[in-house]
Amino acid sequence: MLNLIIFLPLLTGLLILALPASRPALLRWASLGGAGLTLLGSLWLWFSFDGRAGGIQSRTVTNWVPSIGASYDVGLSGLGLAIIVLTALLLTLVMVYVLSERERVKEHAFLFLLMGTGLIGLFSAQDLLLFYLFFEVALVPMYFIVGIWGGEGRRYAAMKFFLYTRAGSLAMLLSFLALYLGTPGTGGAAHSFSIAAVAAAQPYAGTTAAFWVMLGLLLGFGVKLPTFPLHNWLPDAHVEAPTEGSVMLAGAQLKMGAYGLLFILLPLMPQTVQRYAWLLAALGIISLVYGALAALAQRDLKRLIAYTSINHMGYVMLAAGIWGLTSNLAVRELTLNGAAFQMVSHGLLTGGMFFLVGILGHRAGTRNIDAFGGLMSLPRFAGLLGLLAFGSLGLPGLSGFVAEFQVIGATVGVNIWLAVLTVLGLLISTGLYLRVLAGVLMGQKPAELNIQDLNGRELWAIVPLAVLSLLLGILPAVLLEPLSNAVRSLAALGR
């Protein structure tokens with residue numbers, strides 16, 4: 001089933017390319033059907049996953065390039081599965097959102113479906129070369145989506161996005177090659193790309209070379225996270241991308257860096273991460289505070305939400321640093337659970353926020369926060385914006401609180417000053433979300449602002465994200481139980 005889920009989006013995209021362009025409705029429904037079946041398949045994998053057994057499940061291993069020790073090796077960890085379900089959900093909701101709006105339907109649907117295969121394959125890959133292949137497959141469609149369907153500055157934003165992420169992925173590839181050369185192979189190959197084999201070999205541990213290998217991985221994952229100072233591409237890409245592009249970029253693509261940080265860097269180089277843990281913690285704290293301050297200074301709602309992603313994903317980098325700064329198993333589990341929870345929570349909350357901001361900008365012709373006010377009169381829009389904003393600022397009962405509380409709690413147990421700075425970032429982000437709510441919903445509605453409330457199609461695209469955020473806030477065990485074994489294994493590394 002996992003192999004079907006990986007390639008079903010691509011197969012659907014190829015089918016759409018073969019269908020007549022003169023029937024756009026058929027193309028749209030076919031793309032929605034392919035994405036919906038992918039979501040159903042991912043849910044089947046979710047309910048089939050044995051959280052108590054742990055390890056890599058639903059695994060397929062077959063020779064890919066045997067002469068160099070590369071395998072088609074895919075399988076599911078608890079976190080990988082959670083992000084796969086999130087990716088399939090967002091892909092389906094994006095297809096619902098654009099069901100009747102986009103031109104050049106063939107190309108548009110194909111690129112999103114191709115990206116879906118790249119993302120699901122990446123979160124399943126157990127081979128470094130396969131991980132890199134899927135990384136690139138997920139990257140290329142976003143370049144065209146921003147460049148073709150984006151705003152006035154789309155070409156500049158698309159070029160900047162591609163150059164940043166390409167430079168990061170090449171640095172990551174160099175580190176993968178170094179790890180490959182330092183790992184003995186099996187079955188006639190001199191070396192191995194197997195993630196399990198590299199983790200067992202621990203090449204370069206305790207040497208100066210290990211820092212440079214780690215730096216390459218940090219560049220690759222840090223650009224996609226994104227972390228300060230590698231974030232510069234993100235605001236432009238979000239501002240110029242179409243709404244559905246921003247949703248996939250924030251909800252799924254940023255998880256590529258976070259997933260690599262936790263499930264590639266930590267198990268492959270635990271000693272090196274422990275040695276330079278302060279660097280990771282510092283990058284996390286700077287991203288937390290800087291992202292919130294930069295968001296506070298923005299007037300464009302889309303750019304504002306983009307900067308909050310730097311703030312929110314800073315918790316993941318901080319969690320990796322906290323993991324390295326302590327050998328206490330309970331504290332490590334707490335911080336890694338928080339980071340993993342943050343990845344899913346951010347996808348739900350920020351994905352929903354980008355849907356709402358995109359709809360608002362499309363109807364009003366502007367996204368400047370000063371142009372709005374009094375939209376409390378639109379109950380469906382106001383209700384969803386309030387729920388998603390309160391979830392993003394970490395209100396108890398919503399998923400954001402569960403994620404951030406765990407990371408902050410673990411940080412308190414390691415260094416009180418790091419915890420104080422983390423709370424400072426949280427306070428700033430609370431202020432900026434309250435400012436958004438006050439600016440958009442409260443006050444006098446401008447006379448020239450005459451916009452309608454959300455329609456049924458838009459509600460179908462956004463409500464599932466809000467409901468899931470509420471569900472995870474009330475019943476976090478729904479997500480924490482499948483994560484538990486994977487997190488426990490990571491927590492025990494390098495002790």
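Angles under 35 degrees count as roughly parallel, over 145 as roughly antiparallel, 65 to 115 as roughly perpendicular and the rest as oblique. The model is predicted: local features need pLDDT of at least 70, side-chain atom pairs pLDDT 80 or more, while totals for chains, interfaces and linings use all residues. Residues are numbered from 1 along each chain as its sequence is written, and side-chain values use heavy atoms, without hydrogens and water.

**Exercise 1.** Describe how H2 and H3 are oriented to each other.

Solution.
1. Helices are DSSP runs of H or I, at least four residues, and strands are runs of E, at least two, numbered from the N terminus.
2. The axes of H2 (residues 24-48) and H3 (residues 78-97) cross at roughly 155° and come within 8 Å. Axes are lines fitted to C-alpha atoms over the stretch in contact, with angles from 0 to 180 degrees between N-to-C directions.
3. H2 and H3 are therefore roughly antiparallel.

**Exercise 2.** State which residues make the contact and of what kind they are.

Solution.
1. Contact means heavy atoms within 4.5 Å. H2 contributes residues including Ser 31, Leu 39 and Trp 46, and H3 residues including Leu 81, Ala 88 and Val 96.
2. The contact residues divide into 15 nonpolar (Ala, Val, Leu, Ile, Met, Phe, Trp, Tyr, Cys, Pro), 5 polar (the others, with Gly) and no charged (Asp, Glu, Lys, Arg).

**Exercise 3.** Locate the salt bridge of Arg 59.

Solution.
1. A salt bridge is a side-chain nitrogen of Lys or Arg within 4 Å of a carboxyl oxygen of Asp or Glu; the count is 10.
2. Arg 59 pairs with Asp 73 at 2.8 Å, N to O.
3. Arg 59 lies in strand S1 (residues 57-65) and Asp 73 in strand S2 (residues 70-76), 14 residues apart.
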